[in-house]
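Look at the sequence and the structure shown below.

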Amino acid sequence: MPSTIKTLFVSTLITAAATTTPAALADTPRNLGWIEQGVIEPADMTVKFKLDTGALTSSMHAEDIERFERDGEQWVRFKVALEDVKSEDVVSEIFERPLERDLRVRGAGGSEERPVVRMDVCIAGERLNEEFSLRDRSNMHYPVLLGRRTLDRLGNVDSSRTFTTEPNCVSSNA
């Protein structure tokens with residue numbers, strides 16, 4: 001009797017695997033590590049992204065943050081200067097983005113207001129246009145932190161794993 005059950009189980013498993021469609025596999029959530037490589041675009045900087053389920057809003061390293069007005073709208077100019085993990089060169093780029101909103105962040109040291117802008121990033125083969133709060137993260141291990149609003153679209157975070165994917169996004173110029 002046990003060999004009959006085993007045979008039935010194996011044949012059912014093989015049938016299920018053979019009839020699983022690519023669409024059904026696409027619906028399976030992907031598992032990412034708590035640290036992954038990502039690309040800040042269009043500067044093409046490959047840096048470490050921390051996938052932080054404890055944060056709601058994503059955050060990105062920025063220096064020389066300056067608010068200004070353009071055509072009656074609030075904008076933010078800032079510099080991102082980081083070591084590219086692939087080339088090991090420091091890549092520096094100045095960005096100008098419309099201000100999406102201000103974010104008040106409360107912590108042990110008090111509270112601060114940070115500008116939030118939209119940035120294009122690539123992680124796990126996905127190109128995303130997400131909101132990032134800007135702050136100097138030079139004293140942090142990870143220059144980019146992805147919060148739950150972004151992680152909702154990426155998949156599950158496995159805290160026991162790191163660097164599970166490559167940030168290969170097809171160039172929009174292709």
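Which residues touch the most other members of the largest nonpolar core? In this predicted model, they are I40, F78 and L146, and the core has 27 residues. Several elements give two or more residues to this core: the strands β1 (31-41), β2 (45-51), β5 (73-83), β8 (110-123), β9 (126-135) and β10 (144-146), together with α3 (148-154).

**Strand β3**

Strand β3 covers residues 58-61. Which way do its side chains point? S58 and M60 point one way, while S59 and H61 point the other way. Buried is the word for all four residues, S58, S59, M60 and H61. With β9, strand β3 runs parallel, and four bridges join the two. Here S58 stands opposite F132 of β9. With β10, strand β3 runs antiparallel, and two bridges join them. On that side M60 stands opposite V144 of β10.

**Backbone angles**

The peptide bond from E41 to P42 is cis, and its omega is near 0°. P42 belongs to the loop between β1 and β2.

The other two places have a positive phi. A124 is not a glycine, yet its phi is positive, at about 55°. This residue, A124, is in the loop between β8 and β9. Is A124 buried or exposed? The relative accessible area of A124 is 11%, under the 20% limit, so A124 counts as buried. F163, also a residue other than glycine, has a positive phi near 50°. F163 is found in the segment after β11 (156-162). With a relative accessible area of 41%, F163 is partly exposed.

**Aromatic rings and charges**

How many aromatic pairs are counted? The count comes to three. Two of them are set out in the table.

| Pair | Distance between ring centres | Angle between planes | Type |
|---|---|---|---|
| F68 and W75 | 6.3 Å | 35° | tilted |

F78 lies in strand β5 and F95 in strand β6 (residues 90-98), so the pair ties together parts that are 17 residues apart in sequence. F78 and F95 are both buried.

F68 and W75, the tilted pair, are buried as well. Each ring of this pair also has a charged end over it. Over the ring of W75 sits the charged end of R70, 4.3 Å from the ring centre. Over the ring of F68 sits the charged end of R77, 4.1 Å from the ring centre.

Technical notes: Residues are numbered from 1 along each chain as its sequence is written. This is a predicted model: local features need pLDDT of at least 70, side-chain atom pairs count only at pLDDT 80 or more; totals for chains, interfaces and linings use all residues. Side-chain values use heavy atoms; hydrogens and water are left out. A nonpolar core is a set of buried Ala, Val, Leu, Ile, Met, Phe, Trp, Tyr and Cys residues joined through side-chain atoms within 4.5 Å. Buried means under 20% relative accessible area, exposed over 50%, partly exposed in between (1.4 Å probe, protein chains only). Two strands pair if DSSP finds at least two bridges between them. Rings of Phe, Tyr and Trp (its six-membered ring) pair if their centres lie within 6.5 Å; planes under 30 degrees apart count as stacked, over 60 as edge-to-face and the rest as tilted. A charge sits over a ring if NZ of Lys or CZ of Arg is within 6 Å of the ring centre and within 35 degrees of the ring normal.
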